[in-house]
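Morning, everyone. I have a few minutes and one structure to walk you through. Please have the sequence and the 3D view open.

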Amino acid sequence: MRNGIQSWLEERFGISEIARFLTHKKVPLHKHTVWYYTGSAILLFFTIQVITGFMLILYYKPTLEMANESVGRIMTEVPLGWIIRSVHSWSASFMIAFVFVHLLSIWITKSYRRPRELTWMSGVVLLLISLFFGFTGYLLPWDALSFSATKVGTDIPRAIPVVGAWITNLLRGGEDVTGDTLTRFYGIHVCILPVFLFILLGIHIYLIQKQGMSVPFEEESKGEKVKEIPFWPNFVYREMIIWLVLVGILFSVAIFLPPSLETRADLMAPAPEGIKPEWYFLFLFQTLKIFPAKILFISGEIVAVLLMIFAGILFFFLPFLDNKPIQRKGKFITAAAYVFIVYALIMTIWSLL
Amino acid sequence: MRVARSVLALFVLFFFLAASFCPLCSSIQQVVDEKGTGSIQIEEESERIVGSPQNIKEKTGIFVFVGWMWLSVIVLVSFLRLKIKEADRLFRLKFFLEKKE
């Protein structure tokens with residue numbers, strides 16, 4: 001029976017080819033191997049996001065009148081709906097945290113070196129998509145907090161010269177955050193972003209398979225042959241342990257610390273004081289806040305936003321900037337990663353205080 | 001590089017904690033506290049929906065589920081550790097290589 005099914009599938013899908021590829025694929029084994037697990041952890045949380053997202057779509061209504069009520073209904077009437085929403089919300093946070101760790105580990109170990117420039121660049125775009133997922137998803141409960149935070153968030157691009165106001169209007173679907181913004185954000189969150197994410201994820205994973213796992217610069221510079229293990233089954237078994245523990249942590253956190261739902265957003269109400277974005281935007285938010293109102297004759301906000309865009313461009317083209325990893329320039333770029341981590345931590349703590 | 005690992009571990013741990021204590025979760029309360037109008041705070045909090053089990057049966061079920069989940073994780077992790085040892089042993093014996101050829 002089993003052989004029959006196997007040969008039926010083999011004839012149609014050529015499963016033995018995939019199995020052969022997986023056993024031939026090797027994973028370098030060294031003291032930095034732990035960072036390889038972050039990639040699959042991101043995939044795990046993304047899969048959980050998709051599954052719970054599908055469940056939430058069945059009950060969520062993206063209209064001005066019904067958005068907040070439908071989320072309330074999910075939390076109070078739908079069987080275990082509050083857990084589904086909590087898992088969706090927490091897995092988003094976990095996913096973004098792991099995307100940050102994944103990119104920073106690649107930055108520090110210089111795994112973006114030639115010929116992996118495009119893998120890095122697709123990864124940076126995936127980070128931006130993940131952040132935009134978080135930003136659009138945050139408005140969907142349509143409560144007072146998410147409404148005000150979105151108002152602040154969508155107002156930031158306005159500081160960009162020439163195209164700023166256009167970007168803000170494009171995001172909001174008009175001059176202000178209204179029901180149109182909600183519909184727009186819902187469409188972006190459940191339709192546009194997933195399409196882009198799946199395409200880029202496909203390219204990213206293909207590039208990793210094509211070029212193999214990168215050996216960190218530190219290990220490579222030793223000049224010795226790095227030990228390897230087969231991807232299947234040796235590495236996959238190790239990954240499964242990580243997945244199990246992460247799923248356990250995710251469900252425990254989601255059950256014991258579920259997100260609440262505030263009162264419905266009032267378009268006419270004044271914005272409450274002390275509005276802050278989600279944790280992964282806090283360091284950027286605080287950076288904007290510390291800039292003075294005017295720097296010479298230019299608005300401080302414009303300078304801050306332009307500096308952030310410039311830093312983002314440098315980050316995107318990092319593999320091309322770090323073309324001499326062994327020299328002073330390369331060491332400076334690695335040191336910049338540590339400086340960024342310390343800066344992000346300080347700014348986040350400052351923003352929380 | 002051990003330092004790098006520790007820093008990154010602290011980074012992720014911090015953000016998990018930051019997310020749980022993020023003032024966004026309680027900013028209505030914070031705003032009201034700043035203004036010092038306690039009466040509004042009570043009014044706002046009564047409108048707030050907090051996810052929780054709907055009855056004692058569901059609550060018990062959730063606790064049982066969490067216990068069962070962690071027990072399953074422990075059992076499966078122990079099982080996988082044995083599988084890793086076995087797979088590594090077979091790899092050292094070049095079992096996969098011979099099979100491949």
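First, a term: helices are DSSP runs of H or I with at least four residues, strands are runs of E with at least two, and both are numbered from the N terminus. With that in hand, find A:Leu118, which lies in helix 6 of chain A.

Now the ground rules. This is a predicted model, where local features need pLDDT of at least 70, side-chain atom pairs count only at pLDDT 80 or more, and totals for chains, interfaces and linings use all residues. Residues are numbered from 1 along each chain as its sequence is written, chains are lettered from A and ligands numbered from 1 in the order in which they are written, and side-chain values use heavy atoms, with hydrogens and water left out.

Back to A:Leu118. Is A:Leu118 buried or exposed? Buried means under 20% relative accessible area, exposed means over 50%, and partly exposed is in between, using a 1.4 Å probe and protein chains only. A:Leu118 has a relative accessible area of 55%, so A:Leu118 is exposed. Its C-alpha atom is separated by 30 Å from that of A:Arg158, 40 residues apart along the chain.

Next, the partner of helix 6. Helix 6 (residues 117–139) and helix 9 (residues 179–211) of chain A pack at an angle of about 160°. Their axes are 9 Å apart. Axes here are lines fitted to C-alpha atoms, for helices over the stretch in contact, and angles run from 0 to 180 degrees between N-to-C directions. Under 35 degrees counts as roughly parallel, over 145 as roughly antiparallel, 65 to 115 as roughly perpendicular, and the rest as oblique. Helix 6 and helix 9 of chain A are therefore roughly antiparallel to each other.

Look at A:His204, in helix 9 of chain A. Its relative accessibility is 12%, so A:His204 counts as buried. What does A:His204 contact, leaving aside its neighbours within four places in sequence? Contact means heavy atoms within 4.5 Å. The list is A:Thr119, A:Ser122, A:Gly123 and A:Leu126.

A second pair. Helix 3 (residues 36–57) and helix 5 (residues 81–109) of chain A pack at an angle of about 155°, with axes 8 Å apart. Helix 3 and helix 5 of chain A are therefore roughly antiparallel too. Residues of helix 3 in this contact include A:Phe45 and A:Phe46. Those of helix 5 include A:Phe94 and A:Phe98.

Now the backbone. A cis peptide bond joins A:Arg114 and A:Pro115, with omega about 10°. A:Pro115 sits in the loop between helix 5 and helix 6 of chain A. The bond from A:Trp232 to A:Pro233 is cis as well, with omega near 5°. A:Pro233 is in helix 11 (residues 231–256) of chain A.

Two residues other than glycine have positive phi. A:Leu80 has phi near 60°, and its place is the loop between helix 4 (67–76) and helix 5 of chain A. A:Leu80 counts as partly exposed, because its relative accessibility is 39%. A:Trp142 has phi near 50° and lies in the loop between helix 6 and helix 7 (144–155) of chain A. At 1% relative accessibility, A:Trp142 counts as buried.

Last stop, chain B. How many helices and strands does chain B have? Five helices and one strand. Along the sequence, the pattern is α-α-α-β-α-α. Of the 101 residues in chain B, 29% are buried.
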